[in-house]
Amino acid sequence: MVKKVWLAIFLAAAATLAAQVTAPEPTPAAQGVKPPTPVVAGIPANYDEAKVGSYTLADPLLLNNGQRVRDAKTWYAKRRPELLQMFEQLQYGHSPARPAGERFEVVDKGTPALGGKAIRKQVRIYFSREPGWPVIDVLIYLPAAAKKPVPMFLSISFGANSTAVKDPGILARTVWDVKKMSPGKNERIPAPTTPSFAPINIDALLDAGFGVATFYYGDVDPDSANGFAEGIRAHYSEDWGSVAAWAWGMSRVQDYFETDSSVDAKRVAIHGVSRLGKAVMWAGASDTRFAAVIASCSGEGGAALSHRDYGETIAHLMAPSRYPYWFTKNYAQFAGYPDKAPMDAHLLIALIAPRPLLLQTGSTDYWSDPKGEFLAAVAAGPVYQLLGKDALDTTTWPAAQQPILHDLAYSMHDGGHGIVAWDWPIYIEFLRMHLHPEM
Ligand code: GCU
């Protein structure tokens, strides 16, 4: 009851805030309602609830030996490691540890930016002293008025830093032309000037007392089957996919945060959209240093249930013409056989527990199966509860624009794939509740 009253008050406040913040325009993908594509890579996709069929999900609180997990201690000591290993083995692959040669070059040490609202830093992360290794260029803004280390919103971006935020002080960088990649002939090109997909609402975050950081995902691993040699994966013998590599990149930025006294490294929320939503789900699951996760429209291979046949499936992801390089090779065995997979999105969510997680979806983003993300969160609920946290506390899929902001949170905007202006006040409320910025 108290929660319901609170939610009503919050929704009214969110509506007012939505009118106030200068959110970026909705991304093109989020504007129109695209009709669902019936066949992708020659594989039909189902969009009919009546044809979803039945499925059984693994019990998150049952150990592989059949014993029940009844306390937090057993969860952390036994079940969590079992699940982590399962995802490493069967879905994302094994990521290497923090590189011994990692070092940080603070190129821009703190320059007033964004009309005096922020202090900008730019940091280059190196992984080795040997030539030919990728580097990550991180762009950071701290609220100018901050007197203490600030909580951070770290978002992994599709474009170069210069396209993620409007600021002439951002150092010019290059990107991959992924459509033209071919092994042995890959060169980076100057970053385009068009804003990247899903721009960050930096004003609203800074005003709420958060620092903001971002980097270009292609710095870690180019998003192309033909770009392996140019990415970080080529420097290790592990079998890991691009999603794990992007997640690994986020962990390396966290390594830097731990050295920067203007940042509170214990209050870092991570964020990504779409394939980068998958990356932040895995980053949050595999690196417990992250304090909170916001995954936007992460869909199949992220927070949507694979056992539920709706929209994209593992077979679509792993089709040779699409994204098999995002995952470990082992994942392909479940293409067409999701019922054989011992893991699913609810177990991935459980790996993020007890830390706050917001699944942000779109009501007409059928391909990503917004209902499948809700059902995964429902199935992960017992783990949040075991660890003393608030799960969704309902099994009824809420309508669009009826967010549930508990420790485990779900919010569906009215519209398609990506982020829309309406989502930002929801993000900020969720972040405020859990990371308590000093404002
Ligand atoms: C494709 C892919 C999705 C992915 C999305 C994106 O639609 O099938 O799994 O999330 O691209 O990253 O934009």
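**Close-up views of a predicted model**

**View 1. Cys297 is buried, at 2% relative accessibility.** Buried means under 20% relative accessible area, exposed means over 50%, and partly exposed lies in between (1.4 Å probe, protein chains only). The structure is a predicted model, in which local features need pLDDT of at least 70 and side-chain atom pairs count only at pLDDT 80 or more, while totals for chains, interfaces and linings use all residues. Residues are numbered from 1 along each chain as its sequence is written, and side-chain values use heavy atoms, with hydrogens and water left out. Cys297 sits in the loop between β11 (292-296) and α8 (314-318). Helices (H or I, at least four residues) and strands (E, at least two) are DSSP runs, numbered from the N terminus. The phi of Cys297 is positive, about 45°, although this residue is not a glycine.

**View 2. Leu114 also has a positive phi without being a glycine.** Its value is near 50°. Most residues other than glycine have a negative phi, and most peptide bonds are trans. Leu114 belongs to the loop between β3 (103-113) and β4 (118-126). Leu114 is partly exposed, with a relative accessible area of 23%.

**View 3. A cis peptide bond joins Ala353 and Pro354.** Omega is about 5° here. Pro354 lies in the loop between α9 (345-352) and β12 (357-362).

**View 4. Helix α9 is mostly covered.** Eight of its eight residues are buried. Among them are Ala345, Leu348 and Ile352. What do the buried residues of α9 pack against? Their partners are α3 (72-92), α7 (275-286), β11, β12, α10 (370-386) and β14 (408-413). Contact means heavy atoms within 4.5 Å.

**View 5. Helix α6 covers residues 242-257.** At 1.5 Å a residue, its 16 residues should span 22 Å. The end C-alpha atoms are 23 Å apart, which agrees. The expected span is 1.5 Å times one less than the number of residues. Helix α6 is mostly covered, with 16 of its 16 residues buried.

View 6. For Trp367, the corresponding distance is 3.0 Å. A polar contact is a pair of N or O atoms within 3.5 Å; within protein, one must be able to donate a hydrogen and the other to accept it, and residues adjacent in sequence count only if both atoms are side-chain atoms. Taken alone, the ligand exposes 320 Å², and the protein buries 85% of that. These areas come from the Shrake-Rupley method with a 1.4 Å probe; for residues, only the protein chains shown count as cover.

**View 7. Asp423 is buried in helix α11 (residues 423-435).** Its relative accessibility is 0%. A polar atom of the Asp423 side chain lies 2.8 Å from the backbone nitrogen of Val420. Asp423 also touches Gln360, His413 and Gly418, not counting residues up to four places away in sequence.

**View 8. Ile428 is another residue of helix α11.** Ile428 counts as buried, at 4% relative accessibility. Which residues does Ile428 contact, leaving aside neighbours within four places in sequence? They are Ala204, Leu205 and Ala208.
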